[in-house]
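Morning, everyone. Let me put the structure up, and then I'll walk through a few local spots.

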Amino acid sequence: MRTIIKSIIATSFVVSALCAQDSIVAAKVGNNVKPAMLKSTDALWDKAKVAEVALYPQTAVKMNDKNANVANANSKGKIVKVSALYNDKCIAFKIVWADGTQSVQSGSDSYSDGFAVQMATKFNDPKILPYIGMGSEGRPVLVHIYKNGLSSYEPNGNKNVELQINRDNTNAFGKDLAIYDKNVTDAANPNYMRSFISEGFRSMTEIKDGSNRFRMDMAYNEGKKSWSGTMGKHLKDENADFSGAGALPVAFAVWNGGKLGRDGVKLLSGWIAVDLSDKKGNEALIDELSAKPKGNAEAGKANVEAMCASCHTLNAQKAAPAFMAPDLSNIGGYSTPAYLAESILAPSAVVVPGYNRNAHKNFEWYTVDTKGVRTSTMPPMMTDEAMVNDAVAYLMTLKAEVEK
Ligand code: HEC
């Protein structure tokens, strides 16, 4: 009984804390510390305040994989706990999330757990941030991805995941096992740690020249059934310069390998402001990303259901024909109010990138002219400011329930 009451109190706290997303307050550490080298177990993390961030299933674009679509539709949101540290040179994030099973990629039909940290590289105007799913034209993002691989051995060293062998499955003993272990150290790709620069899903380009000075790490806590991951990077390099910023936008994603990780259940946050506590500047970003929407959600609901539901799925009851337009049933979970207002007023400002034309053949989402410029086929339907604000307030309520 006591635990039930406790969990009710804990849950109501979580819900109220989530009405508007709080900033992540990064704690300053000395320049002798290398935040990018910290492991998730390091005591220094205790200096930082923990922020609760809600991640939601990314359902905007349907995939070719039916099972993945079903898993996604039934997926709930998840709270992850985020802390951040910085000094004059580096910034580092630690994220902790619950996951009952530890999944490792061990063949072509299994997926590993993983996480990603996304950073917008241009954010002078907090109202025009990149599209949350991998950036958009002219609004690049840096994406850092880590997947749990443990020590698996790829016999040919070519990173062919389908050829990976796990130690327990080698049938090797004694000397043979020692040879195996040596091969693992020499040729294994124990974990997948990569970074990309992207201006839209199909434009993701891996940064292979070492110019993105970052490091990631992931550790499973068997007792707590949770993962913790860290990502640390230099504040300034060839790809981005965050060194002058008092606050910067960041977003997080986690994959559950047990649930069709790569294609299936990916949970994503919206843009969250990281407040570099000792620095001034970018208060506008913090205000913008923690503001509650201005409009009236009830009024917005009526208009959106009448004007938009023929193309967009809003929820299970208000489902549009498949693939007509992006599914909006989690749009409130990973959008900012400014992005939603922009999507309504100027549909072509950010065109949802990289959808699959073959899968989405009911209705073209955009046309591409000879210069490659994409124009949304969504008509601008609302121009009245109050009406748009109401619609935005309603759209911000569209998100899956958060897992308890
Ligand atoms: C004729 C079909 C159609 C109608 C009606 C329509 N839309 Fe759209 N909408 C689209 C298409 C296609 C896209 C994807 C291309 C783009 O990004 O503009 C889209 C994109 C969006 C996005 C961005 C989604 C994302 O995943 O980021 C939002 C938000 C949106 N519409 C809201 C609305 C609202 C609110 C209305 C009603 C006022 C509406 N739409 C009416 C077709 C439509």
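**Strands, a buried aspartate and a helix pair**

Start with strand 11 and strand 12, residues 226-234: they pair in the antiparallel sense over eight bridges. Keep in mind that this is a predicted model. Within the pairing, F214 stands opposite K233 in strand 12. Now look at the turn. Four residues lie between the strands of this hairpin, and K225 takes a positive phi near 50°. Is strand 11 mostly covered or mostly open? Mostly covered: of the eight residues in strand 11, 214-221, six are buried.

Next, D113. Find D113 in the loop between strand 4, 90-98, and strand 5, 114-120. Its relative accessibility is 0%, so D113 counts as buried. The cut-off there is under 20%. Which side chain does the side chain of D113 meet in a polar contact? That of W227, at 2.9 Å. Along the chain, D113 and W227 are 114 residues apart, yet their C-alpha atoms are separated by 9.0 Å.

On to the helices. Two packed helices are described by the angle between their axes and the distance between the axes. Take helix 5, residues 297-307, and helix 8, residues 385-395: their axes come within 7 Å and cross at roughly 95°. That makes helix 5 roughly perpendicular to helix 8. By class, their contact has nine nonpolar, two polar and three charged residues. Who is involved? From helix 5, the list includes A297, V304 and M307; from helix 8, it includes M387, A391 and L395. The charged members include K301 and E305 on helix 5, and D390 on helix 8.

Stay on helix 8. Its buried residues are V388, D390, A391, V392, A393, Y394 and L395.

Last stop, S329. S329 sits in the loop between helix 5 and helix 6, 331-334. Its side chain joins that of D327 through a polar contact of 2.6 Å. Leaving out residues up to four places away in sequence, S329 touches T59, T313, L314, N315, L398, K399 and A400.

That's the tour. Questions, please.

Methods
Residues are numbered from 1 along each chain as its sequence is written. This is a predicted model: local features need pLDDT of at least 70, side-chain atom pairs count only at pLDDT 80 or more; totals for chains, interfaces and linings use all residues. Side-chain values use heavy atoms; hydrogens and water are left out. Axes are lines fitted to C-alpha atoms, for helices over the stretch in contact, and angles run from 0 to 180 degrees between N-to-C directions. Helices (H or I, at least four residues) and strands (E, at least two) are DSSP runs, numbered from the N terminus. Angles under 35 degrees count as roughly parallel, over 145 as roughly antiparallel, 65 to 115 as roughly perpendicular and the rest as oblique. Contact means heavy atoms within 4.5 Å. Buried means under 20% relative accessible area, exposed over 50%, partly exposed in between (1.4 Å probe, protein chains only). Two strands pair if DSSP finds at least two bridges between them. A polar contact is a pair of N or O atoms within 3.5 Å; within protein, one must be able to donate a hydrogen and the other to accept it, and residues adjacent in sequence count only if both atoms are side-chain atoms.
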